[in-house]
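Let's take a friendly walk through a protein model together. Have a look at the picture below, then read on.

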Amino acid sequence: MQSLLAWLAGLPPAVLYLALFVLAGAENVFPPLPTDTIVAFGTWLAARGNGSAFAAFLVTSIGNVVGAAGTYWLGRRHGTLWLQRKFPSLADERGEARLRALYARYGVLALVVSRFIPGVRSVVPPFAGAFGVPASVAIGAIGVASVVWYGLISYLAYKAGTDWDGVVALLARSGRLTAIAALALAGLAAIVWFVTRRRRSRA
């Protein structure tokens, strides 16, 4: 990780943007990649060098959505069993079961919320494709989540000044808080769904 960050630090702005684009897209195929830290560091570098924090945020968000669109297409074309055989780190039965239950209950909202939950976010695009979710709906939901998440990361990195250690600490806290908020939102949606269903059944 340290060698990767050191490599990023030596890149000119244009190449740094390209690297952020590629790495943000690769997160959809290789979930263990520490993309959040990489993006935060890249944005921090851009904001303190000759680059632009907004440009870093923009290319990261676009790269992430492009990578998600690629795995969505794989899921749409080949289905879940093929995904689990070819990409065991990307798609597993437990992740599929959780996402399938969420999507069956909450629809598009589940796709947005799931992109903030560790262990589930990487399976959202391919399984959305395998489930037959329309491309415009799936990519739109993923795009919203990417803009919100990487916008938060970029903002924290931009406001951090020269304190990189502070960025790391903020990123760790914000990641936990975002996951908790996503789970709370899913719980709230479950309550609303349950109450609405009870009212309809009584009617």
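## How the chain folds

Among contacts (heavy atoms within 4.5 Å) between residues at least 6 apart in sequence, 75% join residues at least 24 apart. Please keep in mind that this is a predicted model, in which local features need pLDDT of at least 70, side-chain atom pairs count only at pLDDT 80 or more, and totals for chains, interfaces and linings use all residues. Residues are numbered from 1 along each chain as its sequence is written, and side-chain values use heavy atoms, with hydrogens and water left out.

The chain has 10 helices and zero strands; helices (H or I, at least four residues) and strands (E, at least two) are DSSP runs numbered from the N terminus. How confident is the predictor? The chain averages a pLDDT (the predictor's confidence in each residue, from 0 to 100) of 75, and 70% of the residues score at least 70. Among the elements of the chain, α4 has the highest mean pLDDT, 91, while helix α10 (residues 164–202) has the lowest, 55.

Of the 203 residues in the chain, 46% are buried. Here, buried means under 20% relative accessible area, exposed over 50%, and partly exposed in between (1.4 Å probe, protein chains only). The accessible surface of the chain is about 10400 Å², and 65% of it belongs to carbon and sulfur atoms. Such areas come from the Shrake-Rupley method with a 1.4 Å probe, and for residues only the protein chains shown count as cover.

## Two helices side by side in a table

The expected span of a helix is 1.5 Å times one less than its number of residues.

| Helix | Residues | Length | Span between end C-alpha atoms | Expected span |
|---|---|---|---|---|
| α2 | 13–26 | 14 residues | 20 Å | 20 Å |

In α2, the buried residues are L16, Y17, A19, L20, L23, A24 and G25. Helix α3 is largely enclosed by the rest of the structure, because 11 of its 14 residues are buried. Among them are I38, V39, F41, T43 and W44.

T43 sits in helix α3 and is buried, with a relative accessible area of 0%. A polar atom of the T43 side chain lies 2.8 Å from the backbone oxygen of V39. Not counting residues up to four places away in sequence, T43 touches A53, A56, S154 and A157.

S61 belongs to helix α4. Is S61 buried or exposed? With 5% relative accessibility, S61 counts as buried. Leaving aside neighbours within four places in sequence, S61 is in contact with S146, V147 and Y150.

## The nonpolar cores

A nonpolar core is a set of buried Ala, Val, Leu, Ile, Met, Phe, Trp, Tyr and Cys residues joined through side-chain atoms within 4.5 Å. The largest one has 27 residues, and those with the most contacts inside it are L99, L111, V124, A128, A138, Y150 and I153. At least two residues of this core come from each of α3, α4 (53–78), α5 (80–86), α7 (108–114), α8 (124–130) and α9 (135–158). Which helix gives the most to this core? That is α9, with seven residues.

Another core lies apart from this one, with 15 residues, including L16, A19, L23 and A56.

Terms used
Polar contact = N/O pair within 3.5 Å; in protein donor to acceptor, adjacent residues only side chain to side chain.
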